[in-house]
Structure formats: structure tokens, C-alpha cells
Amino acid sequence: MENKISTVSIVVYNRELAYQKVSDVLHNYGEKILLRVGYPMKEKGIAIIFLVVEMSTDELGALSGKLGQIDSVKVKANTLKI
């Protein structure tokens, strides 16, 4: 299956509860992640993570699904037409 470039935006609304779980999932897809930028907003207790990934649509769906199952995490993925 063809790999495509996609962006993934992740918002962690409860850092204490979910941040380690999110990091564990991202670690499992580390070789597919081209860029990872995190913006922790400690005063609000949230974190925003932006990814650029190169993977198949099935892998992107699996990544988004695993992240989306974590409590207090919202995920949005967008495949680029490059």
C-alpha cells in the first residue's frame, strides 16, 4: 500500500492522565513520524502535539484510532495531496 504524507493534530486535555499513554503510542510509530512538535500549556493543563507522518491510510487510521481511544485526547488527521 502506498505511503502518503499526512498531518496529525493531537490535543491532550488532561496531561497528567493521558500524556504518557500518548507518548507510548507515538513511540510505536516513531519510524513513520517525520516531524513532531509539542506545545505544552501548563497553566491550562493541556498539550498540543503536531505531527507530520508518512504512512499508509490504514496505518494512519490505526494511529488515529489508538490515540482517539485515550480519555481526554482529541485527534484530527489530514492526508495531503502531494
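## Strands and pairing

Two strands count as paired if DSSP finds at least two bridges between them. Strands (E, at least two residues) and helices (H or I, at least four) are DSSP runs, numbered from the N terminus. This is a predicted model, where local features need pLDDT of at least 70, side-chain atom pairs count only at pLDDT 80 or more, and totals for chains, interfaces and linings use all residues. Residues are numbered from 1 along each chain as its sequence is written, and side-chain values use heavy atoms, leaving out hydrogens and water.

Let's start with strand S1 (residues 4-12), which pairs with strand S3 (residues 46-55) in the antiparallel sense over 9 bridges. Here Ser6 has Val53 in S3 as its bridge partner. S1 also runs antiparallel to strand S4 (residues 73-79), joined by 7 bridges, and Val8 is partnered there with Ala77 of S4.

## The whole sheet

Step back, and 4 strands make an open antiparallel sheet in the order S2-S3-S1-S4. S2 and S4 are at the edges with a single partner strand each, so one side of each has no neighbour in the sheet.

## Helices across the sheet

Contact means heavy atoms within 4.5 Å. Angles run from 0 to 180 degrees between N-to-C directions, with axes fitted as lines to C-alpha atoms, for helices over the stretch in contact. Helix H1 (residues 15-28) lies across S1, S2, S3 and S4, at about 15 degrees to S3. Helix H2 (residues 57-68) lies across S1, S3 and S4, at about 165 degrees to S4.

## A residue to look at

Leu34 sits in strand S2. Leu34 counts as exposed because its relative accessibility is 52% (exposed means over 50% relative accessible area, buried under 20%, partly exposed in between, with a 1.4 Å probe and protein chains only).
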